[in-house]
Each structure stands twice: as C-alpha cells, then as structure tokens.
Amino acid sequence: MQDENGKAELGSPAVHSATTAQNSVHLNGYTVTENAHNSTATPSPQAECDSRAPSPVPAPVIIPREQWGGKYEFLLSCIGYCVGLGNVWRFPYLCYRNGGGVFLIPYFIMLFVTGVPLFLMELSLGQYGAAGPITVWKCCPLLKGIGIGMLCVSTLVCLYYNIIIAWTFYYLASSFQSPLPWSCDAVANVGLCGNATAGNGSTGHRLSPTEKFWNEQVLGVVNSEGLHDPGPVRWQLALCLLAAWVIIFLCILKGIRSSGKVVYVTATFPYVVLIVLIIRGATLEGSLQGIAFYLTPDWSRLANAQVWNDAASQVFYSLGIGVGGLLSMASYNKFDNNVIRDTLIITGGNCGTSFFAGFAIFSILGHMAWKKGVPVGEVADSGPGLAFVAYPEALALLPGSVFWSIMFFLMLFMLGVDTLFGNMEGITTAVLDEFPHLRANMLHKSLFLAALCFCFYLMGLLLVTNGGIYWFTLIDSFSTSFGLIIITLFMCIGISFFYGVNQFCQDIIDMICPCPGWCIKVLFYFKACWVFFTPFLLLFILTYIFIEMYNTSLHYGSYVYPRWGKALGVCMGATCCLQILIWAIVAISKETGTLKERFQKSIRPLNSWRVNNLNNINRVEERMEPERVEAPFTVTLTDMDFTAMNWEMGSQA
C-alpha cells in the first residue's frame, strides 16, 4: 500500500520485502550489506556515483469500474432481467406442454433447492469479486472454463431471444390497424369465424384467426417442410430484428449508466398490463375450465424426465442462472450491498409473476376451449407461439382492443429488452474485463458493441426465414438444457469444495457486515444446499435426463425433428459444458510440479482475487497488493548521504 505521497506504508508488502531481503547499497564506492543488526563494508567495483535519481517505475493504471446509481437501479435491473418473457411466454407454455398443474411441483422443488441458492451464489460471487463471469474465477483458476461456458450459453440465448422481440415488433406494428388483423371483425377472417367446420389440415382442430395470423402472416411456417427447408428470409421480420438490435445497441452503449435508468419504466410498466389481463380473463366464459387445467396435477407425468428437465431449465432460464448476466450486474454493486435480501426479493417476485401470468394465459385458453368445444389440452399447439396465439385473442375480446394490443406488445418488448440487457451485459462485461483498454476508450468500446450486435443480427437471419421457427425451437430446447445444468453443477461444486463453502459464507458476511441475525440463520440453509442438496439434485436430474430424454422425440406441432437435427442440438449443449474441461487442462498445464501439485496450485485463489473493493471507499485499506516479484536492487547514494550517515553514527557513539 502507499500513502498520499506515494510512499509505502508501514506493514505493507513493500516495506516487509525491503526489511527482510538483503539488498546492495553503494556508499561512495563501497557496498554495504544491511540487515537488522549490523552492516559491513566491502569494496565495490562501482567507484563512480551517479547523482541522478532513478526514474520512477510507472504504476499500472487501474480503470475504475462503473457503479449503479443507487440500490434501486440494481434491484429493478435484476427484477427486469428475471421477470421477462420467460414468465409470460415460456412458463405457461411449459405448463401447457407438461400436463398443467403437475409442472408446478417440480418447478417449486427446483426453485427452492437449486434456483434460490445458486442465484445467491452468483450474486455474491460477482459482488465480492467485482469482475465479470471470466475474470471472477481468479478465486479458482481451474474453473475458468465455467465463465467461458457461461459466455457460450449467453451467446445462444441472445441469438434467439431477440427473435421474440422481433415478433413483438411485428405484432406491435399490426396493432395500429382497426380492426385488429387477427380478430373476427377483420374482413379476411369473416369466413373463418363464421365457418364452424374450418380447421387446420395438419392438426385437425378448428383454426382460429389468431392461429392463422401467427402461422401464415408472421412465421410463414406453412411454406417450409422442416429444418432442411428454411426458405427465404422474411423481410418484414428481418427489418423488425434490425430495429430490435439497434435499440439494444443504443441502450447498452453507455453501460449501466443508461440501462440503469431505463429499467425504472421497463421493469414496472408490465405489471399494470398483466393485472388488467388477469381481471379481464377471469370474466370470460369458460375461464374456470382453463384455471382448473392449470392447477390440477396429472401425477403420471412426474415419471417423465422431460417434465423435470423443463422445470430445471425454466428455473435457470427465468432466473438467468448460469448465463453470466447476474454475475456481471452484481459486479457493479457496492461492496456492502445486502445480497441475501436482494436474492429473496428478486426470486420471490419472479416466482409470483410466473404463477400469476399462468392465470392470465389459462383463463384465455379456457375461453378458447369453450368457444371451440374441445378440451383445454387440445385448444392450441403447445410451443413458443402460445403467447402469440392466446394473448392476441384475449386482446381482441377487450373493449378498445387496439389500445390494449399496443400496450400489451409494448409490455412484451419491455420485458424482452430487460432480459436481453442482462444477457448482453454478461457478454460485454466478460470481454471488457479481459481487455480493459476497451473500457477506457469509448470509441473502441462503441465499435466493439456495434460489431457484436451486427454479428448477432446476421446469425439471427436464419431464424426469420419461413422455417426459422424450427431452428428457434431447436436452440431453445438445447441451449438451456443439460449444458446449463452441468455448468451450474460445476460452479456449485467448485465454490463449495475448491474455494471452500465456509470461506464463501464468510465473504458474504463480510460484505453485509454488520450482518443481521436472520441473514446468518438463512446462510445455514444455503450452506446445506450448496454442499449437499443442490449438487445431488442436479446430478440426479442430469442422470435422469441422459437416460430417458433422448428416447423422447423433439417436435414442433406435427413436425418431428430428424436425428441429425437432434444431434446438432446436443452438440450445442456439449460445446458449452466442454469448455470446463478444456480450460481446466489449460490451467493445470500452466503450473509446475507433479500432477497433484499442479492441481493444488490451480485451485488456489490468485493474490489479485481480493483486490476487489475499489468500489468501496471505506474498505480500500483492506485490499491486498497484486502479485509482485521480489528481486535484488541497487541504491546509489551521493557524498552528502554518506556524510550524513557518518554524522549520525558519530552522534550515536
């Protein structure tokens, strides 16, 4: 450490190394070897003295990290990141696909035993380390591949997540028509709504105007035969996708300084619209039939590995665990932020939103089933487009449907943007921490972000073709499946057993010191989960998935995916989790000694791991110095210094 004048403080590593190492000091042609008790003079070959002082070694420039403008910005950003399309779009359709209410059982089990503990682990790791998903693994260099794997998962999620926002833009633009193009009042749908026998040839049930608009006007999936036949790019969706990426680029250009202000609107407005839809859905005829399907469990489905796989993936997908976004956002926190309190607030809000959004969806599905005279389980194709079929039909039934349609799809856009902020923040923070010069130069940072968004746009063009929905479903099914579970499993094991669960809990207590009594009690539960329950449950689910899941065919509607398509999805997931093994081998190969010694060195935290609190002014004195190399050095003194030393020795005599 250094004081204000640049001198080493007493007790710092610099002073310690200077007093313990034997260094050569030249006094007018003599070398004096100093120790704690005496000094001896020996002739030195260096007889000439240079009166010039040595040039100081420039200190490394530490680029300060940004911080949230206030604790509410971080809280709202995390709520907006977690409460997103996963609650309004993915959770209801997974319930729909897995037999209704029975899906809630594995969902809540996975939430309390894996979701909440891992959520706290990521927040605490990012806040204490003040680094992104790659650099933060200075705490255990062996597991750097976890950060790389998070980056791969986040890339896949960002690739297809913005497609949903593009669909939202398409519906938003279409909502400025009166009547709505998917309502029965539209001229093109008069014959369809009036003909009770009209149906979909592939599914055999009556075709609603919303289903026709979704499949024919938006997706164009009727013009594609499958994965092998993507067809041309749909230029309307391509323009919507371009607009989505331009908005994302502008919002993340200034980092959390800009996105932290946007969330005040995007994280709160969706709740207003959602409450209105729940109230309206409850007043519709047949809504109770849909609610009963939502809450009534089909116990036989619990033996299906797909149900547990979907529950685990939904917890990770909705909370954003294992993607790197949480870790990155927490790295901009103040060191003394109460992460336990934030974890309980965010996960509770996320779970409640998912549950109540299900009421809005299934009340509408019950009304659709009542109108068509079919069971709720057969009312619509289960898939990513469920919210784009059920919700638009609900909007068409509302008085002033045009206004509410605009509000609803604006809400969907805000939900998607919030979540994409977090995913993109995970990627950008990881890169900027590895290449800090980009953070210091605004032009270079802007060019990097522009190139990143443009690459995502080019790759996303495959997903806006006629057969793009097939590729969308493939990436969605495997990007947050077994690969993400393996990444979080190794993160949990690495922190608990390599870094040390007791040390990790102490780090949490140090951050929120003085730690309230209830926080310490809650930590006992989380410690038990991290050490025992969470890894064993993840391992059990993973084994169950590998044994049973691949016997179940992947399909979208009536289309069954070929083996090569399924194998491609497996490769996506395997690529993400194989990063752990690859970078572990790299870390061990960089060390010296026997294999055991290399392993022990690679799990030892770097000295720079605890240089983490430049954000916390009150704890600057606690930070450790970065790694230094101690080497012999020579100090050349002038005649005046030599005379002063003789005078001091004479006065002591």
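## Serine 405

Serine 405 is in contact with Ser175, Leu180, Trp182 and Leu395, once its neighbours within four places in sequence are left aside. The model in which these contacts occur is a predicted one. Serine 405 lies in helix α16. Its relative accessible area is 0%, so serine 405 is buried, the cut-off for that class being under 20%.

## Leucine 415 in helix α16

Helix α16 covers residues 401–434, and leucine 415 is found in it. With a relative accessibility of 3%, leucine 415 counts as buried. Residues up to four places away in sequence not counted, leucine 415 touches Gly80, Val83, Gly84, Leu85, Val88, Tyr161 and Pro270.

## Glycine 80 in helix α2

Glycine 80 belongs to helix α2, which is made up of residues 71–82. Glycine 80 is buried because its relative accessible area is 2%, and the class takes in residues under 20%.

Neighbours within four places in sequence aside, the contacts of glycine 80 are Ala267, Leu415, Asp418 and Thr419.

## Annotated binding site

An unreviewed UniProt entry lists Gly80, Val83, Asn87, Ser318, Asn350, Leu415 and Asp418 under "binding site". These residues are spread over 339 residues of sequence, yet they cluster in space, with a largest C-alpha distance of 13.3 Å.

Some of the contacts described above join listed residues. Glycine 80 is in contact with Leu415 and Asp418, among others, and the residues touched by leucine 415 include Gly80 and Val83.

## Helix α5

Helix α5 runs over residues 144–174 and has 31 residues. At 1.5 Å a residue, helix α5 should span 45 Å; its end C-alpha atoms are 46 Å apart, so the two values agree. The expected span is 1.5 Å times one less than the number of residues.

Helix α5 is mostly covered, with 27 of its 31 residues buried. Tyr161, one of the residues touched by leucine 415, falls within the range 144–174 of helix α5.

## The protein as a whole

The secondary structure comprises 24 helices and six strands. The protein has 653 residues, of which 55% are buried. Among contacts with a separation of 6 or more, 81% are between residues 24 or more positions apart.

The accessible surface of the protein is about 28,700 Å², and carbon and sulfur atoms account for 65% of this surface.

Methods. Residues are numbered from 1 along each chain as its sequence is written. This is a predicted model: local features need pLDDT of at least 70, side-chain atom pairs count only at pLDDT 80 or more; totals for chains, interfaces and linings use all residues. Side-chain values use heavy atoms; hydrogens and water are left out. UniProt positions are given in the numbering used here, feature names are shortened, and annotations may be inferred rather than shown by experiment. Helices (H or I, at least four residues) and strands (E, at least two) are DSSP runs, numbered from the N terminus. Buried means under 20% relative accessible area, exposed over 50%, partly exposed in between (1.4 Å probe, protein chains only). Contact means heavy atoms within 4.5 Å. Accessible areas come from the Shrake-Rupley method with a 1.4 Å probe; for residues, only the protein chains shown count as cover.
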